[in-house]
Amino acid sequence: MKISAVIPYVAWIGFRNQLLVKVEADNGQYGWGESGLSGRELAVEGALKHYREFLLGKDPRQIGGLWQEMYRSQYFEGGRVLTAAISAIDIALHDLVGKELGVPVHQLLGGAHRDRVECFASYPGETELKDYPALTRKLMDANWNAFRVNIVAPPEVSYEGKEGGVLETRKAIENTTQAILACREAAGPTAMLGCDAHHRLSVAESATFLQRIPSGTLDYIEEPIRDESPEAYEALRKLTDVPFAIGEEFSSKWAFKPYIERNILQYARVDVCNVGGLTESVKVAAMAETNYIDLLLHNPLGPICAAASIHLAAAVPNFSHLESRESPVEQLPVADTDVFTQRLQMDGNAYPTPTEPGLGVDVDEAVLKEMSIKLWEPPRLWKTDGSYQNW
Ligand SMILES: [Mg+2]
């Protein structure tokens, strides 16, 4: 069996672009993958075209060897763009080989540990403070028990002369604190409650924020600050006792290494479409397992990212929850049914561990061919003085 085609598609599906990759073999078998570097898909598509040059004619079953060749063959190893491309091909190869062997992808990764892959729900970004208790009860009535508040960024405040909103940091800290307290009161003590700060704060602002929340209220804080500096997180650790969830931007096991070895993160936010696919994800999972750290999987894209994440979650011992964009309080259009003719289906707050060969996702290529990229910029946020602020 030889790889006969590597075909990238970038298409605006639902509410964002999805970069999908089809890898075909000369016996007619094929697999689908997805890349995760949202907003810079054209760069990843270019990397995929480079990789296609040497992938054609290779044995698709040699997934680990091909991963090494993709990661190291340009002399300049890795980086976000390249590992986003590698991720898509690696996932597609697992799908292809799983279907060829007639086994679900999790079996290629070592076999299933669990019957269900449970999800956490995020509250919609535009939720008003008064609505958190009702949304929490709606989730609990549907048997969800893991929730995440997003740091408040009031979209109605704009900066004169600039595209985008203003993050009034002190107000955001206060509003988010009140949202967390309201959610915990509504959810009771047994629910898992986190907060994603979208790395919008400084170390000092993070300390102020987290010190206002009574100890034990919040089960994790996700990315209060940016993640280029493990030392900055170590400084913040001295100022708060809230567990850290970090890693959705990491593009290799080496990025995770200091955070795991030095016990800086308590939940690993692995993104299978950015970290280097399933090959790299299982290695990160093993590194995390050595320090008793569970995976809290990042899953913001489409059905292929979700399926790859579900197979990963099924196949590792140290898994907490999978991010879902399709809870009873948030129904984002991630899966155009004209495009995705088959996808994994949720049952309540979880995905049953898949049994079909490969990922369990299929795509109508004819429909996809008619779709195209929509050049799009992530939202911009500014500080009140007009300087740049992370979205
Ligand atoms: Mg996040």
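Which residue in β2 is the bridge partner of Ile13? In β2, that partner is Arg16. Strand β1 (residues 3-13) and strand β2 (residues 16-25) pair in the antiparallel sense over 10 bridges; strands pair if DSSP finds at least two bridges between them. The hairpin of β1 and β2 has 2 residues between the strands, and Gly14 takes a positive phi near 70 degrees there.

This is a predicted model, in which local features need pLDDT of at least 70, side-chain atom pairs count only at pLDDT 80 or more, and totals for chains, interfaces and linings use all residues. Residues are numbered from 1 along each chain as its sequence is written. Helices (H or I, at least four residues) and strands (E, at least two) are DSSP runs, numbered from the N terminus.

An open sheet is formed by 3 strands in the order β6-β18-β19, with mixed pairing. Because β6 and β19 stand at the edges with a single partner strand each, one side of each is left without a neighbour in the sheet. Strands β18 and β19 run antiparallel, joined by 2 bridges, and Leu381 stands opposite Gln389 in β19.

| Strand | Residues |
|---|---|
| β6 | 165-166 |
| β18 | 381-382 |
| β19 | 388-389 |

Helix α5 (residues 132-141) has Tyr132, Leu135, Thr136 and Leu139 buried (20 or more other C-beta atoms within 10 Å of the residue's own, with C-beta atoms placed from the backbone; exposed means 12 or fewer). Seen down the axis of α5, the buried residues fall within an arc of 100 degrees, so they line one face of the helix; the arc is that of the directions from the helix axis to the C-beta atoms. The face of α5 turned away from its buried side carries the exposed residues Ala134, Arg137 and Asp141. Just after α5, Asn143 takes a positive phi of about 70 degrees.
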